[in-house]
Amino acid sequence: MKVMDLRESFIDFFRERGHTIVPSSPLLPKNDPTLLFTTAGMVQFKPMFAGTVPLDYNRAASVQKCLRTSDLENVGKTKRHLTFFEMLGNFSFGDYFKEDAIKFAWDYSTNTIKFPKEKIWVSIYEDDDEAFRIWNERIGVAGDKITRLGKKDNFWGPAGDSGACGPCSELYIDRGEKYGCGKPDCRPGCDCERFLEYWNLVFNQFYQDATGKLAPLPKTGIDTGMGLERLATLVQNVDSVFETDELGGLVKFVSGESGKKYDGENRVPINIIVEHSRALIFAMSDGIYPSNDGRGYVLRRILRRALRYCRQLGIEKPFIYRVVDPIVSLMGGYYPEIKTSAKNVRSVIEAEEKRFLETIGNGMNRLDELMRSLKEKGGKSISGADAFVLYDTFGFPVEMTVEIASENGLVVDVGSYEKEMESQRERGKQSWKGAADMEKAYEELAKGAGDTAFTGYESERAESAIVTMHNGSRVTDVLDEGESGLIVLKETCFYGEAGGQAGDRGFLISGSGSRFAVEDTKKINRTIIHSGKVLNGVFKKGDSIKAEIDPVHRNLIRANHTATHLLQAALRSVLGTHVKQSGSQVSSERLRFDFSHFNSMRPDEIERVESIVNAKIWENITVDTEIMDLKKAVSSGAMAVFDEKYEDRVRVVKVDDFSRELCGGTHVGSTGEIGVFKIIKESSPGAGLRRIEAVTLKGIIDRYNSHDRIIEQLTGILNVSENMLVKRADDLTNQVRSLEKEMEKIKRDRTETGIDEILKDSLDVNGIKIVKMKFTGTGTDDLRSISDSVRSKEQASVVIFGSDADGKALLLFAATGKAVGAGVDCGKLIKNVSGIVGGGGGGRKDMAQAGGKDPSKLEEALGEAVKLARGMIGG
């Protein structure tokens, strides 16, 4: 059976047994801060196991995309380690339990994929007598083929810091004695290759919180997982996952394109290129892009590790992006998202490759020099400072440095590296304690408040009652005059911030006339929370309340929200259907829209998008909303945000046939209410993403008034009328350019004099002049400029420059073509002398540079460089 056959056979098997087939969730987990990526099939079902959401079905099956990087250094080097893999799984939420789960696994194993019964062994948790009886008495597995293992092996923890967990039972295939260790007690649990585990059945009985505490689940459940690639290895009777039909096809592609046979020392690099390319396209197709932190940093590690192994195959140009199309051809039929995003993913990967390839050569030279120096001195550890320089200057993820060091018998002082990185990490953390305290207050209030009914689609007013309140320190029954706090009502017309749309403002008025100014509204799960201050009177739990939103604030927000829908449709029309929303912010002042697209937009594209949106606004089209089934909505063409979790009944917002989106926000009744739309900025928030900022209504007026004030100031400063501003600015620019040319001429004349002074003390060796000079306070760019001038004036020369700049040593060596022809190699000179100043560097024969910590040794380093240069020339 091929891999595609295995996917389909698994889904068909469980569909026939009453399971709802659930599509794979994205690799970016939704609403789960404990996970960087989706790591198992059960991740999307965690709330269902925990009993925190209503159940739409009680048994399910899926083929789930997964990404794990905990043992990245082993991927490609072993026969089975992968970062990206597919997990086949069947799940029960309070429906069937151990016996049926075991029967299903045995039935599929022996009758569908036809594993010989005598080759199947099982393991169980050491205290699980019930599982033993089922396997032994109901299924008929001999007692000596059932292995009891401890908590480490057969008690399954949650996916992340919290979640469902319990004892498990695993199925193994006995591959025969030739894979074994020869020990008489060899059986599942042994470290040898004989018994290969292929299916794990987890019997969820407990919920583990973030502290590790176990509590019984409201209902027991089943969570099973079977790695598709590992299963294919067994079914297809091959030795490695890289020999299965899908990965094997990619291996052949990389081997053919690189011109390297898949054998010997080429196997590991080809495996890594294949595996990492697949991980990258699937992650990026789900909206995760390379960056310097979080999930993006992991992706950048994966890509740069692959590039390192490309280099081992002799590939020194961008290559990974070329593997995208073969992956799409193999897997795009089952995962259409990689097909629609392929063009964008290729562009992102190619740009990332180009960026890293600019520095990897110098970085490897630096690392090689560090390792060589350590070995010569008998050292074993690369310092954290050096590891940080490799990351900060050359883009080497520390994990890659650790892996390369390990291959050379060295270690890296990761602890001190982490200290070097601490300040950069802190930028990504929330540092304002007040914000953290308020977040805690919101969560505490929402936990006990229950659902809030939202009536704001139909009305701007509501009559309700106070359910609970919070004063910033604790849940309270009373808020006094002048006190700030949070209020939850039984029902409200206030829209709580969600889906990128800002919350409403307004007032809550009690029956006694007390007034609470609502400054913001947030939605936590299904609870709507009003944040503000008591203006007068007292508010008590249970009070009857009249809720009134600020209609102007609401109108401005909904105009901007509908504009984002028109904007997305216009972008897809102009740029292509690969455009998908990755984020948005809608306030009363402006809108911001992030979307998947690699290239910056051209001015004509921005103008076309703007024109299309305004045309739809001025047509004054009715904006319709409809509640419908999710499947019907998606099949009707409604756009959805890729990582949103939707309920079975959804709200669809439609603007004629131009735009149709799933959306819970507030919108105008017709597009004419938006007035006019203006794009004010187009930028990139990250790799593979573009961002548009735009304004309507009040934003247009604010922008006009701001520009009007600037024009008024400029006309006053330049003493001209408004219609003469451009001409006056042009005249002044021409005057500045003329003055700059005069200054440049003066500078050149002075430099010419300075160059003569520098050349005066040069050393002539066999017709090649060695020009040495130590500077103070001169930066690298100026050193390079001066060296260019020297070489331009003296065609047969080698420049040996050093500078004490801000307490650091800089070295820059450069040679003319004649000097290189005479034997000068600046790269070798730098490598040999940069250690003197406590640093390192590299470069080409005609140009090389380095930095160091000890400028007091500059004269010594320059003197040694002159000595070595003389030797190269033959003097």
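**Entry 1: a hairpin turn**

Which residue takes a positive phi in the hairpin of strand 19 and strand 20? I looked it up: N525 does, with phi near 55°, and the hairpin has two residues between the strands.

**Entry 2: what I am looking at**

This is a predicted model, where local features need pLDDT of at least 70, side-chain atom pairs count only at pLDDT 80 or more, and totals for chains, interfaces and linings use all residues. Residues are numbered from 1 along each chain as its sequence is written, and side-chain values use heavy atoms, with hydrogens and water left out.

I checked confidence next. pLDDT is the predictor's confidence in each residue, from 0 to 100. The chain averages 90, and 96% of the residues score at least 70. Over residues 424–436 the pLDDT is below 50, and this stretch has six contacts in the model beyond near neighbours in sequence. A contact means heavy atoms within 4.5 Å. Where pLDDT is low, the predicted coordinates should not be read in detail.

Then I took the overall view. I found 25 helices and 35 strands in the chain. The C-alpha trace spans about 90 × 90 × 50 Å along its principal axes. Of the 875 residues, 48% are buried. Buried means under 20% relative accessible area, exposed over 50%, and partly exposed in between (1.4 Å probe, protein chains only). I also looked at contacts between residues at least 6 apart in sequence: 68% of them join residues at least 24 apart.

**Entry 3: strand 20 and its partners**

I went back to strand 20, residues 527–536. Seven of its ten residues are buried, so the rest of the structure largely encloses this strand. Two strands pair if DSSP finds at least two bridges between them. Strand 19 (residues 515–524) pairs with strand 20 in the antiparallel sense over nine bridges. In that pairing I found A517 opposite K533. Strand 16 (residues 484–489) also runs antiparallel to strand 20, joined by five bridges. There, L486 has S531 as its bridge partner.

I picked V534, which lies in strand 20. Is V534 buried or exposed? It counts as buried, because its relative accessibility is 1%. Leaving aside neighbours within four places in sequence, its contacts include L479, G482, F516 and F539. I also took the distance from V534 to D368: they are 166 residues apart in sequence and 67 Å apart in space, C-alpha to C-alpha.

**Entry 4: helix 18**

Next I turned to helix 18, residues 603–618. Its 16 residues should span 22 Å at 1.5 Å a residue, and its end C-alpha atoms are 22 Å apart, which agrees. The expected span is 1.5 Å times one less than the number of residues. Which residues of helix 18 are buried? I listed E605, I606, V609, E610, V613, N614, K616 and I617. Seen down the helix axis they fall within an arc of 165°, so they line one face of helix 18. I took the arc from the directions between the helix axis and the C-beta atoms. On the other side, E607 and W618 are exposed. Helix 17 (551–575) and strand 28 (677–686) are among what covers the buried residues. N620 follows helix 18 and has a positive phi, near 55°.

I traced an open sheet of six strands in the order 30-31-32-33-35-34, with mixed pairing. Strand 30 (763–765) and strand 34 (839–843) are the edge strands, each pairing on one side only. The twist averages 15° from one strand to the next. Axes are lines fitted to C-alpha atoms, for helices over the stretch in contact, and angles run from 0 to 180 degrees between N-to-C directions. Strand 33 (residues 808–815) and strand 35 (residues 847–852) run antiparallel, joined by six bridges. A809 stands opposite G852 there. Helix 24 (residues 826–833) packs on the sheet, touching strands 32, 33, 34 and 35. Its direction makes about 155° with that of strand 33.

**Entry 5: helix 9**

Last, I checked helix 9, residues 294–312. It reaches 28 Å from its first C-alpha to its last, close to the 27 Å expected. Helix 9 is mostly covered, with 15 of its 19 residues buried. Just after it, G314 takes a positive phi of about 85°.

Notes: Helix = DSSP H or I, 4+ residues; strand = E, 2+ residues; numbered from the N terminus.
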